[in-house]
Amino acid sequence: MAGGCQCSAVAAVTMIALVLAAAIATLTSVITAEVPLTPGKNCYRKCIGEKRTCHFHFDVHTYQTMSRACYNCPGNMTDCQLPDCIAGDGMPRKILVVNKQLPGPPIQVCEGDTVIVDVQNRLHADGLTIHWHGQTMKAGTTHPGTPHMDGTPGITQCPIPPGSSFKYSFVAREAGTQFYHAHTGFHRGDGVFGPMIVRQRSTDDPNYSLFDYDNPGHVLLIHDWLHMPTEDKFIFRHHSGGDDFPESMLVNGQGPHQHSNKTSPAAHIPYRQFTVTPGKRYRMRLINAAILNCPITVSVEDHMLTIIATDGNPVKPLNASSIVVYPGERWDVVLAANCTKSGTFWMSFMGGVDCAMSFAHQFSLLRYRDDSSACHPGDSSKGLGNASKGFGNAEGVKGEELIDAELLAQMSPKPKFTEVPPAGVQVNSINSACYDDLVCMANMRSVYSMPEDMKTPTNFTFYLAFEMRRINNAHYYSRMYYDFNLVEEDQQIPTPQVNNLTFLHPATPLLLGGDQGTPICNAENPPPTRNCQEDFCECLHMYHIPLGASVELVLIDEGQYGDENHPIHLHGQHFWVVGQDRPVDLQEVSLTRNEVIKMDQRGELIRNFDHPVYKDTVTIPDAGYTIIRFKADNPGHWLLHCHLLFHSMAGMNIVFKVGEDTDIPLVPEGFPTCANYEGST
């Protein structure tokens, strides 16, 4: 369903954008030719003074956990921290990593820095791309847009062939907690990901006064973890009815396997530690890089969390006892180290949905320093915390992570796995309607107000239904030999689709002309020869949006299979979350796209325009809906997809083409191309 657009306004925006882009491109080419490169590790600094051009080098290669580099880990705890040792959860398995690190090396830069990453693909057979999750690649006043650097195969670039390299170059325009990850195949699930933190000037952070320290050692990248290569898990799931539940969970690439026998080395891998000083307040950055349906509930024993940002964007502070982080989401919280506390406390990470089926969870340790000087008024050290914000004190890094049985013996008993939230307020709850103590995104508030022109009816409204459909997917079933409807129920694996359509990747990336002559479909223009209500349909699922138009997406989880929710990520844009609800907050309910459209026509979908949160990833509750709005002001082809890897790999994707071909920045000189070869006859 679509509304009309303000054509004259759109045309004006297009003309201005073309003139501005040409001017900026000329200016930028002159400036960047004279700017020296700064080694990436030297770009972590206070964000004052000039911008830098930060250069990183990523070698992506096959490796393994518990390799010979780990020597006697965990028998000798120090061996677990040796260079090139990736302990994981103590279970040896093949992995793919950047620079022999899990997570990959951190990118710590300042807002407005230019980031250059030379990616060398040393995989044996697979192509590779890297996506910079949270960076929109938009043009700014001093730089052009860089959509070709988004790192999305088939959309913005060709995969980097084995043995080849690719230079990513873009301006870190969006401040906050972001991360990078492979966007090809199953590489993210095997370890190709890492944190990307874009700091900003203190005067630009409205919540700066709420914390004393923002240390690189207080970034927590949490994710589910398999004991086999991710592609194998996918194949077993879709071709023989295997499960899609993870065996484990890691925090910053490490943590004991919680289900191992106590005599197993895997049960004794050291926990990650995060050190604090009494009387100080710490900004902690949470990133969920999970690949399966694994929303993770984060809580800290005997501590409250003050939530100050989501997906890099500030929110009005809210105190909570726990927060749920969905795959692809990032949340910033402040933890106050209380002057009345001492010792070590459990940081709990409890998996939900698919992770709950296998009781996947993990812990870290919050360890108080034996230093209470900050708690005494008049002490000479008072105030030094503010002076150190975002610079200098890297508490919680590898050198401080040595633990032993004596330390654990002094702590309270380790919590048991549970799906029940801790008492108090929880933010972003799993498959829930909005309540006072279960705060959904519709009830969170941004620090900044929504632009007035985005509060009025939008130029376009699209109703997108995400569902696991029980259909005969020809990629996994055969009508002649093993029809979906004739095999045993435990072999009937549903197909993830958007509006009954599976996304079909083009042979040539869309930014390189891959949509020329390719049949395009959507709900309003389905494939002409098939009944997609009953049959399996796949195509280049795409909508074309004029540059400058306002867009509303009503994202629907129809809830007809299991309790799946879908964390949705939009490339190239951030959006305002203006609505979210689960109309019938009960188990085993469903909600169809047509029902939601009728509810909207009756005025039953509530929209909030009072400081809605601004994000790039948001979940749709099972049998519920989430309403988002964005301004289509970034020309290019932008992917919207479920961030559950098994869903996106099976086609739960859609593309928005923003602007005309003439609005999109020119293809960089010498940019790699790829296409089908159909012979010379």
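Student: Which residues does UniProt list for "domain: Plastocyanin-like"?
Tutor: Keep in mind that we're looking at a predicted model. The name comes from an unreviewed UniProt entry. That entry lists residues 89-202, 218-351 and 529-660.

Student: How far apart are the end C-alpha atoms of residues 218-351?
Tutor: Let's start with residues 89-202, a span that is 0% helix and 37% strand, with its end C-alpha atoms 38 Å apart. Residues 218-351 are 8% helix and 46% strand. For residues 218-351, the distance between the end C-alpha atoms is 21 Å.

Student: Which strands stand at the edges of the open sheet?
Tutor: Follow the order S12-S20-S19-S14-S17-S21-S22, which makes an open sheet of 7 strands with mixed pairing. An edge strand here has a single partner, so one of its sides is left without a neighbour in the sheet. That's the case for strand S12 (273-276) and strand S22 (438-439).

Student: Which residue in S20 stands opposite Phe-345?
Tutor: Look at strand S19 (residues 344-351) and strand S20 (residues 361-368), which run antiparallel and are joined by 7 bridges. Across from Phe-345, you'll find Leu-366.

Student: Is Glu-552 buried or exposed?
Tutor: You'll find Glu-552 in strand S28 (residues 550-557). Buried means under 20% relative accessible area. Glu-552 has 3% relative accessibility, so it counts as buried.

Student: Which side chain makes a polar contact with the side chain of Glu-552?
Tutor: Leave out residues up to four places away in sequence, and Glu-552 touches a group that includes Thr-458, Phe-460, Arg-607 and Arg-629. The polar contact is 2.7 Å, and the side chain on the other end belongs to Arg-629.

Student: How many residues apart in sequence are the parts tied together by Lys-615 and Asp-311?
Tutor: The side chains of Lys-615 and Asp-311 meet in a salt bridge at 3.1 Å, N to O. Lys-615 is in strand S31 (residues 614-615), while Asp-311 is in the loop between strand S15 (305-310) and strand S16 (313-320), so the pair ties together parts that are apart in sequence by 304 residues.

Student: What relative accessibility does Glu-524 have?
Tutor: Glu-524 forms a salt bridge with Arg-593, and their closest N and O atoms are 4.0 Å apart. Arg-593 counts as buried at 17% relative accessibility. Glu-524 counts as partly exposed, with a relative accessibility of 38%.

Student: Which residues do salt bridges that share partners join into one network?
Tutor: A search of the whole structure finds 33 salt bridges. One of them brings together the side chains of Asp-585 and Arg-582, at 3.0 Å. As for the network, the residues joined are Arg-199, Asp-205, Asp-214, Arg-283, Arg-285 and Asp-332.

Key. Residues numbered from 1 in each chain as written. Predicted model: local features only at pLDDT ≥ 70, side-chain atom pairs only at ≥ 80, totals over all residues. Heavy atoms only, no water. Helix = DSSP H or I, 4+ residues; strand = E, 2+ residues; numbered from the N terminus. Buried < 20%, exposed > 50% of the residue type's maximum accessible area, 1.4 Å probe, protein only. Polar contact = N/O pair within 3.5 Å; in protein donor to acceptor, adjacent residues only side chain to side chain. Contact = heavy atoms within 4.5 Å. Pairing = 2+ DSSP bridges. UniProt positions renumbered as here; feature names shortened; annotations may be inferred.
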